Amino acid sequence: TNEQLHEKNTLLYSILSNSSNGISVSQLKFNKAGHVIDAQTILANDAAVKYSGLPKDLYLTKPATFFDPNILSSPYGQACINTLKSGQPFITQYFLPYSSRWLELTVSRMDESHLIHIFTDVTEMKEAQLKLEQSLKDLQESNSNLEDFAYAASHDLKEPIRKFHIFTNLLKEELEEVITEEQQQLFQKLESTSNRMGSLLDNLLEYSYVTKGVADVEQVDLNQTVRNVLEDLELEIQNKQAKIIVPKLPVVRGNGRQFEQVFQNLIGNALKYSRPGLHPNIEINYKQIVGRDILHDKPVESLSQWYHFIEISDDGIGFEQIHADRIFKIFTRLHGKEDYKGSGVGLSIVRKVIESHNGFIWATSEPNNGSSFKFILPIA
């Protein structure tokens, strides 16, 4: 009836007038071949006009190509044409230069020549997103520059250190017949200091390498990796009469050199921080686990992933559990240089390697009751 039609028209008008979202209908124009050549807005509520940044009479009388001659070939224009053909709606974010606003649009087909556009002002959210993305980009560039600087500085400083060794040895040889005991001690201190500097530079170079990610990915037999490390540490193992238990370990994909660094640092630390007067006992354990068994604060996709779980435990001096995360930060040392030599870089390298292989690492410890370093690597 006319009364029902009037009520529907009144309801439709009320929806259009009071909606905070912009609502518009556009009519597409075709050439004789049936190709879309233009479009024009034929209906728009007040919110749509406001968001457009255009006078209403201009917005409703001028075709789309008047405002943007390239709109039909743009990603937005092509998506609209695809929706008209397929009937599949789409959602996108679009910047309107006339109003300097970001809009989130939902475009749906009404019939074979009309599209419905519903849009919301998301300017504040979009600007915050773009600002965050720019901050992340700046941070990545800054980190990259710092890594490049660390590499260049470490690499360039190795030559002066090498020359320092040479000239110090030449000077000591020339003064060999007249050198006093006190002067001999000074030379030893110089050599010790330069050795520490050389070791620090080597560690910084290694750290710079691993921060650049995983290169030369291959199948790595961790059994052979550990054998290589134990061979390198053979003298220290013999001097401390250490007992090391190694199970059968898996073959993983990654960088073999970097995995050697992991075991070199972890086993080396277990030997270094052994308790005085006791022969160190170091045990490596291995099993396969599913992420949900141990990962409770990691991304959801990690929970169903299967991992290689490797644990390296010792009965050394240990540390307070409160420091369990801090020890992985570069240049962090819990013990004095006089008691335990080191640069404070080794565990940072370990964490970088594990994380660059999409794994996780953590530590548990107790003073005078040993430490346990645990890490997991995803099973391909």
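Tutor: Happy to! Let's begin with helix α8 (residues 222-232) and helix α10 (residues 256-272), which pack at an angle of about 50° with their axes 9 Å apart. This is a predicted model, in which local features need pLDDT of at least 70, side-chain atom pairs count only at pLDDT 80 or more, and totals for chains, interfaces and linings use all residues. Residues are numbered from 1 along each chain as its sequence is written, and side-chain values use heavy atoms, with hydrogens and water left out.

Helices (H or I, at least four residues) and strands (E, at least two) are DSSP runs numbered from the N terminus. Axes are lines fitted to C-alpha atoms, for helices over the stretch in contact, and angles run from 0 to 180 degrees between N-to-C directions. Angles under 35 degrees count as roughly parallel, over 145 as roughly antiparallel, 65 to 115 as roughly perpendicular and the rest as oblique. α8 and α10 are therefore oblique to each other.

Which residues meet here? From α8 come Leu222, Thr225, Val226, Asn228, Val229, Leu230 and Asp232, and from α10 come Phe259, Glu260, Phe263, Gln264 and Ile267; contact means heavy atoms within 4.5 Å. The residues of this contact of α8 with α10 divide into seven nonpolar, three polar and two charged. Here Ala, Val, Leu, Ile, Met, Phe, Trp, Tyr, Cys and Pro count as nonpolar, Asp, Glu, Lys and Arg as charged, and the others, Gly among them, as polar.

Now stay with α10 and look at another partner. α10 and helix α12 (residues 346-356) pack at an angle of about 140°, with their axes 9 Å apart. That makes α10 oblique to α12. Gln258, Phe259, Gln261, Val262, Asn265, Leu266 and Asn269 of α10 make the contact with Gly346, Leu347, Ile349, Val350, Val353, Ile354 and Ser356 of α12. By class, this contact of α10 with α12 has eight nonpolar, six polar and no charged residues.

Finally, let's visit a strand. Serine 371 is found in strand β12. At 8% relative accessibility, serine 371 counts as buried (under 20% relative accessible area, with exposed over 50% and partly exposed in between, for a 1.4 Å probe and protein chains only). Serine 371 and serine 313 are 58 residues apart in sequence, with 5.7 Å from C-alpha to C-alpha in space.
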